[in-house]
Amino acid sequence: MINYKVVDLSTSKSDHPKASILIIYTGGTFGMAYSEDGALSPFDFNHVVEKIPELKTLDVTFSVITFTQPIDSSNIHSHHWRAIGHIIYENYDKYDGFVVLHGTDTMAYSASALSFMLKGLSKPVIFTGAQIPIGSVRSDARDNFLTAVEIASSKKNGNGIVPEVCIYFNHQLLRGNRSRKIRSSHFGAFESENHPPLAISGVFIEYNHSFILPSSNEELNFQYELDTNVTILRLFPNIQQGILESIFSADGLKGVVLETYGSGNSPNYPWFISCLKEANDRGIVLFNVTQCNGGKVIQGRYETSKKLEEVGVVSGSDITTEAAVTKLM
């Protein structure tokens, strides 16, 4: 059970604000600020308007739900995904959009998971965060947060312009389950090699409408049940048979994301193919995903991937590892 508290931030002076936004703060670098003794400590969202006075200029009403114990994103677990999803599901009819403040290290996993858990989504769910804490002079937190809020509140014909789970970071809006964190020391931490940005933020926010998912006409269905008995197996030269057999014999294992070379290639040693076949015969789903940042799996293109097709390995096409493992769950 995740404990959280609600902070009301009614900054709009309009009698008819253009949108209402729910901000969900889970933790991460974004919410750190310097205390009086100079140490970084979790930020109190009761004072967010003091840190980001530009919020007063947005014609939007806010509420903030904060995890009582902020989570370092390295400690994110499936029960945190369920908590975020539950908050969105329970408050879905009250707000026009949602902004999730999250640590960057596992943001792509969380955004991917929520994209599969929230079926029938017709409102924006925008993940964002920061590389430098909001309490620092050069922080990227303000721009990421303000633009994420603007995107979450933007409408066309009365509906949210981007009715899907996304990541906004460093002037780019990316599809959540096609995003990856690829840099740890630059503001441009995220990229989506296999899908164009859904929007670019400059002087104006330019939306790439042809690549944005249409709004769903269905009721929101929160699919909260997850089976976490899955793992990732990254291939490398000289991988040993005993290690492979040990992984596939793990109790309760249901699925394996097989990170292969190039366009889905793997060794074709008899023992290697035999291990995969035995695992598949036992009902373990084997999901073929490329190790490359871009491109896709094309099983059978080379001789070294034809055997994978024959023993029942499923092609992941252009899916990311983050999306693949959460989709298996």
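How many aromatic pairs does the structure hold? In this predicted model, the structure holds 7 aromatic pairs. Helix H3 spans residues 107–117 and is largely enclosed by the rest of the structure, because 10 of its 11 residues are buried. The structure also holds 2 cavities of 30 Å³ or more, and about 390 Å³ of space lies in its largest pocket.

**Helix H3 and Ser110**

- The buried residues of H3 are Met107, Ala108, Ser110, Ala111, Ser112, Ala113, Leu114, Ser115, Phe116 and Met117.
- Ser110 belongs to H3 and has a relative accessibility of 0%, so it counts as buried, the cut-off being under 20%.
- Leaving aside residues up to four places away in sequence, Ser110 is in contact with Ile76, Trp81, His102 and Phe127.
- Two of these contacts of Ser110, Ile76 and Trp81, also belong to the lining of the second largest pocket.

**Largest pocket**

- The lining of the largest pocket, which has a volume of about 390 Å³, consists of 21 residues.
- Nearest the centre of this pocket lie Ser115, Phe116, Arg175, Asn177 and Leu213.
- Ser115 and Phe116 are also among the buried residues of H3.
- Both H3 and strand E7 (118–119) contribute at least two residues each to the lining of the largest pocket.
- Sorted by class, this lining comprises 9 nonpolar, 6 polar and 6 charged residues.

**Second largest pocket**

- The second largest pocket holds about 230 Å³ of space.
- Its lining is made up of Ile76, His77, Ser78, Trp81, Thr106, Tyr109, Thr228, Val325 and Met329.
- There are 5 nonpolar and 4 polar residues in the lining of the second largest pocket, and no charged ones.

- The largest cavity has a volume of about 90 Å³.
- This cavity is lined by 13 residues, and those closest to its centre are Asn194, Asn293, Asp318, Ile319 and Thr320.
- By class, the lining of the largest cavity has 3 nonpolar, 6 polar and 4 charged residues.
- The second largest cavity has a volume of about 30 Å³ and is lined by Arg180, Ile182, Glu191, Ser192, Glu193 and Asn293.
- The lining of the second largest cavity divides into 1 nonpolar, 2 polar and 3 charged residues.
- Asn293 lines the second largest cavity and is also one of the residues closest to the centre of the largest cavity.

**Aromatic rings**

- Among the 7 aromatic pairs is the one formed by Phe222 and Tyr224, with 5.8 Å centre to centre and 45° between the planes.
- The pair of Phe222 and Tyr224 is classed as tilted.
- Phe222 counts as buried because its relative accessibility is 9%, and the limit for that class is under 20%.
- Tyr224, by contrast, counts as partly exposed, because its relative accessibility is 45%.
- Phe222 and Tyr224 are joined with Tyr89 in a cluster linked by ring pairs.
- In a separate type of ring interaction, Lys123 lies over the face of Tyr92, at 4.6 Å from the ring centre.

Conventions
Residues are numbered from 1 along each chain as its sequence is written. This is a predicted model: local features need pLDDT of at least 70, side-chain atom pairs count only at pLDDT 80 or more; totals for chains, interfaces and linings use all residues. Side-chain values use heavy atoms; hydrogens and water are left out. Helices (H or I, at least four residues) and strands (E, at least two) are DSSP runs, numbered from the N terminus. Buried means under 20% relative accessible area, exposed over 50%, partly exposed in between (1.4 Å probe, protein chains only). Contact means heavy atoms within 4.5 Å. On a 1 Å grid over the protein atoms alone, a cavity is a set of points where a 1.4 Å probe fits but cannot get out, and a pocket is an open set with protein on both sides within 12 Å along at least five of seven lines; lining residues have an atom within 4 Å of a point. Grid points are joined across faces, edges and corners, and a volume is the space filled by probe spheres set on the points. Ala, Val, Leu, Ile, Met, Phe, Trp, Tyr, Cys and Pro count as nonpolar, Asp, Glu, Lys and Arg as charged, and the others, Gly among them, as polar. Rings of Phe, Tyr and Trp (its six-membered ring) pair if their centres lie within 6.5 Å; planes under 30 degrees apart count as stacked, over 60 as edge-to-face and the rest as tilted. A charge sits over a ring if NZ of Lys or CZ of Arg is within 6 Å of the ring centre and within 35 degrees of the ring normal.
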